[in-house]
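This report covers selected local features of one protein model.

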Amino acid sequence: MDINELNDQQQYRRNSLNELRAMGIDPYPAAMYPTNAFSTDIKAEFKDDQEPKRQVCIAGRLMSRRVMGKASFIELQDSKGRIQVYITRDDICPDAENTDMYNKVFKKLLDIGDFIGIEGFVFRTQMGEITVHAQRLTVLAKSLRPLPIVKYKDGVAYDRFDDPDLRYRQRYVDLVVNDGVKETFLKRSKILKTMRAVLDEAGYTEVETPVLQSIPGGAAARPFITHHNSLDIDLYCRIATELYLKRLIVGGFEGVYEIGKNFRNEGMDKNHNPEFTCMELYVQYKDYIWMMDFTEKLLERICTEVNGKPEATIGENTISFKAPFKRISILDSIKEKTGYDLEGKSEDEIRAVCKALKMDVDPSMGKGKLIDEIFGEFCEGTYIQPTFITDYPVEMSPLTKMHRSKAGLTERFELMVNGKELANAYSELNDPIDQYERFQDQLRLSQKGDDEAMFIDQDFVRALEYGMPPTSGIGIGIDRLVMILTGKPTIQEVLLFPQMKPEPKDTPAEKQE
């Protein structure tokens, strides 16, 4: 069905719209409506003995209606919650000649989903429910599509608007009719607010770096490509903010961070979306050991602020963010989970281990990719509680400083939580000669067919040649952090508008109406 093709209910509402206008009622008034209270506040602050009764002006959606002759009860939903409103014909239309208007407008022309304003006083009904007694009703916005009706029995919802495809495409409907959805995104906002507070209190500066980049750097990922017409050049949506943020450390900032969108032209599943939010932080004169300590404190505080305790429940797992977290090297983890010791092994030897483990690996994969595949297959999903996986081989870490005491390894960690990577951090490589050679290694991987290998960023190498102090950096996946702290099993549940396949022409959305 074409989105503009009307079904019977939509046509009925358009007819009601036209009738309101014919009666001189503007269904979309321009004037500001002077609200002075919210539903939750009215309930929390109500006092039975208050005299005179509290006068309020509220606004929201009409969500249900029970008409009983001259009187009616409706449920009004505002941005904070719902409240009952008592409406009588004599209050709304005290003049006898307006009775027909009341009957026509309130009973016939107003529909579930319409925005209305109510002025009146607060009282408690004989059934004990705090209610607004309406003395004036104003039409604020006519709804031309009927909302899905979620039914309840004994306080339990059924006949829900719960098709994931419809919910994610029409998040605006999901937020209105499904309890708890808005709370997820309010928690997301609180997570970001708390994270910023911790970083700001530490004295670090929030900055912004380019989204469109001439070279996609800072991660091993496939980029999105676009074209700039005026310059006649291809540009890439950034896959990470790392290399620009480290340029600012070169420029003299003590610590910089950015919370923003990254874009990777890769698969979509319950843990991945083509665009995602990441926080990256870089601090001079620190190393990855300091960063582990800082990360523990950061996540413990965020979890406590959001959930009231340093714990989160997702599925059957209760995750504790109480510091300290477990720490284990990636090679020790692989040895522990598979029995194979990869320390000092060549690419061919590791490929033989993959064969012994019955893994299907691509010929283009180098040593680092092979180790990463083994860890992902046999180790990653086993770490439910926060665990720092440390000391990655140099082939896996082209931007990381060599380990101070372990040959062939780097000072890097990934934080695993609930079986998935949540953060990635380094003691940053600041030797420009070593960095250029690492980029050359990535180029050779690219020539072998690895489409996620890094580009050579000559300007970044030039920046390092001016001198970058010892620095530690970290990237934290915000979407995955929100999933854990809100107990949501898929990334789509914590993104207001996740990427979706093109909507089919005969959308089932119309069938639900």
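The model is predicted: local features need pLDDT of at least 70, side-chain atom pairs count only at pLDDT 80 or more, and totals for chains, interfaces and linings use all residues. Residues are numbered from 1 along each chain as its sequence is written, and side-chain values use heavy atoms, with hydrogens and water left out.

Helix α1 covers residues 8-22; helices are DSSP runs of H or I with at least four residues, numbered from the N terminus. Its 15 residues should span 21 Å at 1.5 Å a residue, and the end C-alpha atoms are 21 Å apart, which agrees. The expected span is 1.5 Å times one less than the number of residues. Gln10, Arg13, Ser16, Leu17 and Leu20 are the buried residues of α1. They fall within an arc of 115° seen down the axis, so they line one face of the helix; the arc is that of the directions from the helix axis to the C-beta atoms. Asp8 and Ala22, on the other side of α1, are exposed. Buried means under 20% relative accessible area, exposed over 50% and partly exposed in between (1.4 Å probe, protein chains only).

The whole structure has 0 disulfides, a disulfide being a pair of cysteine sulfur atoms within 2.5 Å. The sulfur of Cys303 lies 19 Å from the closest cysteine sulfur, in Cys278, too far for a bond.

Leu496 is in the loop between α15 (478-486) and α16 (509-512).

| Residue | Relative accessibility | Class |
|---|---|---|
| Cys57 | 6% | buried |
| Cys303 | 0% | buried |
| Leu496 | 36% | partly exposed |

Terms used
Helix = DSSP H or I, 4+ residues; strand = E, 2+ residues; numbered from the N terminus.
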